[in-house]
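Please read them with the coordinates open.

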Amino acid sequence: MGNKDNWHSLSKLWSKKGRQVITVDVRNHGESPHTQSMDYFLMSEDIINLLDELSIDKACLLGHSMGGKMSMVTALQHPERVDSLIVVDVSPTVSPRAKTYPAFLQMMLKIQVQLYMQQDLPVSEARKIAINMLKEVEPESLVRQFLASNLIQKNNRFVWKVYLDSIINNFSDICGFPEFTNVQYDGPTLFVGGSESKYISESEEPEIKRLFPESQIQHIEGAGHWVHSDKPSAFLDVVNKFLKEHQE
């Protein structure tokens with residue numbers, strides 16, 4: 001449900017340090033095209049195609065949650081294109097909230113139907129209605145606000161910026177992770193989790209090390225799933241240290 005705007009502030013800081021920073025909307029999110037097909041192999045190919053189009057031989061990939069899974073698959077399939085890898089609060093396993101996601105996806109559909117014809121309503125008011133309706137399925141206020149930020153007005157109708165139908169239809173692929181055997185990415189890898197999140201737990205560490213033998217795992221105290229939003233300064237310190245240690 002995120003988009004490249006979520007990384008605007010941090011990207012500016014990395015850019016000021018002399019790095020070329022490219023933020024990406026994955027398919028069915030943000031400003032990227034809507035497609036019926038959506039899995040991590042397709043998203044990985046999207047990244048490789050973008051690197052080719054921009055004439056970039058290798059890059060450090062950083063991704064959060066679904067973006068982290070996409071980055072991991074890209075590194076495992078195309079290690080020659082990945083200089084280093086930073087994975088934010090996700091593991092190469094089934095997401096721990098996989099059972100709860102369908103409820104708020106269905107609620108988002110319900111919200112779109114309810115607001116669809118209310119063309120005279122200001123966007124701010126429509127988002128307030130969405131936030132209130134999302135209380136039924138999502139207890140965290142910040143998550144509700146984040147989800148509601150995807151609500152936009154297009155052709156005088158309220159719609160979600162994300163392509164909900166495709167996300168729902170491909171849900172099992174998105175919440176899971178492809179099976180890789182006899183494949184590893186042995187480049188520098190950093191997993192950054194939140195201490196209050198369940199996405200990178202001790203039980204996942206063996207699988208992380210199997211696929212990414214050179215990986216290090218760090219948890220930022222007091223951060224939840226949205227590590228970079230909850231504790232931006234601490235997150236920046238950890239990432240900058242890693243980038244400095246592994247800069248070509």
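1. Asp-25 and Lys-4 form a salt bridge, with their closest N and O atoms 2.8 Å apart; a salt bridge here is a side-chain nitrogen of Lys or Arg within 4 Å of a carboxyl oxygen of Asp or Glu. This pair links distant parts of the chain, Asp-25 being in the loop between H1 and H2 and Lys-4 in the segment before H1, 21 residues apart. Asp-25 is buried, with a relative accessible area of 9%. Buried means under 20% relative accessible area, exposed means over 50%, and partly exposed lies in between (1.4 Å probe, protein chains only). Helices (H or I, at least four residues) and strands (E, at least two) are DSSP runs numbered from the N terminus.

2. On provenance: this is a predicted model, in which local features need pLDDT of at least 70 and side-chain atom pairs count only at pLDDT 80 or more, while totals for chains, interfaces and linings use all residues. Residues are numbered from 1 along each chain as its sequence is written, and side-chain values use heavy atoms, with hydrogens and water left out.

3. A second salt bridge joins the side chains of Arg-27 and Asp-46, at 2.8 Å from N to O. Arg-27 lies in the loop between H1 and H2 and Asp-46 in helix H2, so this pair ties together parts that are 19 residues apart in sequence. Arg-27 is buried at 14% relative accessible area, whereas Asp-46 is partly exposed at 28%.

4. Glu-125 and Lys-128 also form a salt bridge, the closest N and O atoms being 3.5 Å apart. Both belong to helix H5 (residues 123–134), where their spacing of three residues separates them by about one helical turn. Glu-125 is partly exposed, with 33% relative accessibility, and Lys-128 is exposed, with a relative accessible area of 52%. Elsewhere, salt bridges that share partners join Lys-4, Asp-25 and Glu-31 into one network. The whole structure has eight salt bridges.

5. Asn-28 deserves a look at the backbone. Its phi is positive, about 70°, although Asn-28 is not a glycine. Most residues other than glycine have a negative phi. Asn-28 lies in the loop between H1 and H2 and is buried, with a relative accessible area of 0%.

6. Asn-182 has a positive phi as well, about 60°, and is not a glycine either. Asn-182 is found in the loop between helix H8 (171–175) and strand S5 (189–194). Is Asn-182 buried or exposed? At 81% relative accessibility, Asn-182 counts as exposed.

7. The loop between helix H1 (8–16) and helix H2 (40–53) also holds Ile-22, which is partly exposed with a relative accessible area of 38%. Ile-22, Val-24 and Leu-54 make a nonpolar surface patch of about 210 Å². Patches are made of residues with over 30% relative accessible area and no salt bridge, like charges being joined within 9 Å and nonpolar side chains (Val, Leu, Ile, Met, Phe, Trp, Tyr) within 5 Å. The areas come from the Shrake-Rupley method with a 1.4 Å probe, and for residues only the protein chains shown count as cover.

8. Val-82 lies in strand S2 (residues 82–88) and is buried, with a relative accessible area of 3%. Leaving aside neighbours within four places in sequence, Val-82 is in contact with Lys-58, Ala-59, Leu-61, Thr-74, Ala-75 and Tyr-185; contact means heavy atoms within 4.5 Å. Val-82 and Gln-184 are 102 residues apart in sequence and 13 Å apart in space, C-alpha to C-alpha.

9. Lys-231 sits in the loop between helix H10 (227–230) and helix H11 (232–245) and is partly exposed at 34% relative accessibility. Not counting residues up to four places away in sequence, Lys-231 touches Ile-220, Glu-221, Gly-222 and Ala-223.

10. No disulfides are found in the whole structure, a disulfide being a pair of cysteine sulfur atoms within 2.5 Å. Cys-60 is partly exposed, with a relative accessible area of 24%, and Cys-175 is buried at 7%.

11. The domain assignment of the protein chain gives domain 1 (39–93 + 176–246) and domain 2 (100–170); such bounds come from an automatic or database assignment. The C-alpha centres of domain 1 and domain 2 lie 28 Å apart.
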